[in-house]
Amino acid sequence: MISGIKKLIKDFSLGELRGGLKITAKELINKKITVQFPEERTPISPRFRGLHALRRYPNGEERCIACKLCEAVCPANAITIESEMRDDGTRRTTQYDIDLFKCIFCGFCEEACPVDAIVETQIFDYAFVGSREGSIIDKAHLLKVGDNNEQMINDTKLEDAKYR
């Protein structure tokens with residue numbers, strides 16, 4: 001009986017409503033942290049793993065030697081590589097595709113690469129338009145990303161070395 005009366009008083013005193021209004025009033029006076037995205041950027045962790053890129057040597061030759069370690073270590077089977085032997089006896093890729101719908105951005109491909117050919121950049125704002133085929137990034141696109149962002153990749157590698 002007494003607990004019923006206490007519940008009735010609590011219900012009529014609108015305790016939950018007052019608690020909610022108290023939180024709302026407190027948030028009204030707090031500093032806002034909204035970021036105007038395209039113009040302003042928030043800091044990104046140096047360990048962030050974003051869009052993949054294939055790198056080249058300073059002489060312009062692609063680094064990938066088609067060892068297929070990245071394909072073997074990928075837990076999501078997101079990487080597909082085909083290769084062929086060149087006239088000089090070296091092996092190079094003819095196809096290097098990454099399905100970003102499958103990719104879990106674990107970084108294993110980057111860690112497995114013996115020549116530092118595949119890297120995950122700090123790029124996080126990319127989108128796919130259309131069908132599923134838009135999520136598969138081919139060798140030409142990966143090389144283009146690497147060429148356009150080589151300075152950022154080098155800076156990230158230097159920053160990452162501090163944490164090892």
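What is the relative accessibility of Asp-147?

Tutor: The relative accessibility of Asp-147 is 40%, so this residue counts as partly exposed. Buried stands for under 20% relative accessible area, exposed for over 50%, and partly exposed for what lies in between, with a 1.4 Å probe and protein chains only. The model is predicted, so local features need pLDDT of at least 70 and side-chain atom pairs count only at pLDDT 80 or more, while totals for chains, interfaces and linings use all residues. Residues are numbered from 1 along each chain as its sequence is written, and side-chain values use heavy atoms, with hydrogens and water left out.

Asp-147 has a charged partner. Its side chain meets that of Arg-56 in a salt bridge of 3.0 Å, N to O. This pair links distant parts of the chain, since Arg-56 sits in the loop between E1 and H3 and Asp-147 in helix H5 (residues 139–148), 91 residues apart. Arg-56 has a relative accessible area of 27%, so Arg-56 is partly exposed as well. The term salt bridge means a side-chain nitrogen of Lys or Arg within 4 Å of a carboxyl oxygen of Asp or Glu. Side chains of opposite charge can pair when their charged atoms come close. The element names follow DSSP runs, numbered from the N terminus: helices are H or I with at least four residues, strands are E with at least two.

Lys-139 forms a salt bridge with Glu-62, with 3.0 Å between the closest N and O atoms. Again distant parts of the chain are linked: Lys-139 is in helix H5, Glu-62 is in the loop between E1 and H3, and 77 residues separate them. Both Lys-139 and Glu-62 are buried; for Glu-62 the relative accessibility is 15%.

Now take Glu-62 on its own. The loop around it runs between strand E1 (52–54) and helix H3 (69–73). Its side chain makes a polar contact of 3.1 Å with the side chain of Thr-93, and a polar contact of 3.0 Å joins the side chains of Glu-62 and Lys-139. A polar contact is a pair of N or O atoms within 3.5 Å; within protein, one atom must be able to donate a hydrogen and the other to accept it, and residues adjacent in sequence count only if both atoms are side-chain atoms. With neighbours within four places in sequence left aside, Glu-62 is in contact (heavy atoms within 4.5 Å) with a set of residues that includes Arg-56, Tyr-57, Arg-92 and Leu-143. Glu-150 and Glu-62 are 88 residues apart in sequence and 13 Å apart in space, C-alpha to C-alpha.

Arg-92, one of the residues that Glu-62 touches, belongs to strand E3 (residues 91–99). At 10% relative accessibility, Arg-92 counts as buried. The side chains of Arg-92 and Glu-61 make a polar contact of 2.8 Å. Not counting residues up to four places away in sequence, Arg-92 touches, among others, Glu-61, Cys-64, Ser-83 and Arg-86. A network of salt bridges links Glu-61, Arg-86, Asp-88 and Arg-92.

One more pair can be set beside these. Arg-41 and Asp-125 meet through their side chains in a salt bridge of 2.9 Å, N to O. Arg-41 lies in the loop between helix H2 (15–29) and E1, and Asp-125 in the loop between strand E4 (118–120) and strand E5 (136–137), so the pair ties together parts that are 84 residues apart in sequence. Arg-41 counts as partly exposed at 48% relative accessibility, and Asp-125 counts as partly exposed at 38%. The count of salt bridges comes to 8.

Last, the setting of these residues. The protein has 6 helices and 5 strands, which run α-α-β-α-β-β-α-β-β-α-α from the N terminus on. Of its 164 residues, 29% count as buried. Among contacts with a separation of 6 or more, 72% come from residues 24 or more positions apart. The C-alpha trace spans about 90 × 35 × 35 Å along its principal axes.
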